[in-house]
Amino acid sequence: MSTEQNTEATQGPQSVTGPRIDKGLVIVNTGSGKGKTTAAMGVVVRAWGRGMRVIMLQFIKHSTANFGEQRAAQKMGIEMRAMGDGFTWRSKDLEQSAELAREHWEDCKKVIASGEYDLVVLDEFTYPMHYGWLDTEEVIEVLKARPEMLHVIITGRNAPEALVEYADLVTEMQVVKHPYQQGIKAQPGIEF
């Protein structure tokens, strides 16, 4: 391994110059691949393990959802609120879904501004922006005004370009192979 490769392997692909700063991060997990919410849940558990105050606000999952992540969060004492109506592209009343998303965004703004949390996850939050139900620029303004050390993770497909540009860390999940392509149904503990 060359000296250049060795340096990259031990320090990462980019070296940091100047002072390192503490800053609450905006993290976006997007793309068509599986793992966006799962990655956010990993950070939730990591932060919770460090004694940080965490909350996950789920935009699409129905308020009565009882998936694996809700069950685990309840057992661990992690605050999680499923706030949606189960919206999918097959929804019979998209305007109702849009109105519900707008109502929940009002609640989220209060949570973000409250100073009560160290990490806020807005799960499946890209959809209300992508469909034009929420103004992306307003979302960015709320993120800019958040407490300085508050980390916010946003998940979902089709993250708006302005949000991607504003975020500190963006990961795009891509499908390489998926069991759905072979007709295999969603599995408990894996997808839900």
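Q: Which residues make the nonpolar surface patch of about 230 Å²?
A: This is a predicted model: local features need pLDDT of at least 70, side-chain atom pairs count only at pLDDT 80 or more, and totals for chains, interfaces and linings use all residues. Residues are numbered from 1 along each chain as its sequence is written, and side-chain values use heavy atoms, leaving out hydrogens and water. Patches take residues with over 30% relative accessible area and no salt bridge, joining nonpolar side chains (Val, Leu, Ile, Met, Phe, Trp, Tyr) within 5 Å and like charges within 9 Å. The members here are V45, W48 and M76.

Q: Why does W48 count as partly exposed?
A: W48 is found in helix α2, residues 36-49. Buried means under 20% relative accessible area, exposed over 50%, and partly exposed in between (1.4 Å probe, protein chains only). W48 counts as partly exposed because its relative accessibility is 35%.

Q: In what order do the elements of the chain run from the N terminus?
A: Helices (H or I, at least four residues) and strands (E, at least two) are DSSP runs, numbered from the N terminus. The chain has seven helices and six strands. Their order is α-β-α-β-α-β-α-β-α-α-β-α-β.

Q: What is the bridge partner of M56 in β3?
A: Strands pair if DSSP finds at least two bridges between them. Strand β2 (residues 54-62) and strand β3 (residues 79-84) run parallel, joined by five bridges. In β3, the partner of M56 is M80.

Q: Which helix makes a β-α-β unit with β2 and β3?
A: The unit is right-handed. With the strands pointing away from the viewer, that means the path from the first strand over the helix to the second runs clockwise. The helix, residues 68-76, is α3.

Q: How many residues apart are K23 and D168?
A: K23 lies in the loop between α1 (3-11) and β1 (26-30). D168 lies in the loop between α7 (161-166) and β6 (169-172). The pair links distant parts of the chain, and the separation is 145 residues.

Q: What is the relative accessible area of R81?
A: R81 forms a salt bridge with E79, the closest N and O atoms being 2.8 Å apart. E79 counts as partly exposed, at 30% relative accessibility. R81 is partly exposed too. Its relative accessible area is 32%.

Q: What percentage of the 192 residues is buried?
A: The count covers the residues in the chain. The buried ones make up 39%.

Conventions. Areas by Shrake-Rupley, 256 points an atom, 1.4 Å probe, with all protein chains shown as cover. Salt bridge = Lys/Arg side-chain N within 4 Å of Asp/Glu carboxyl O.
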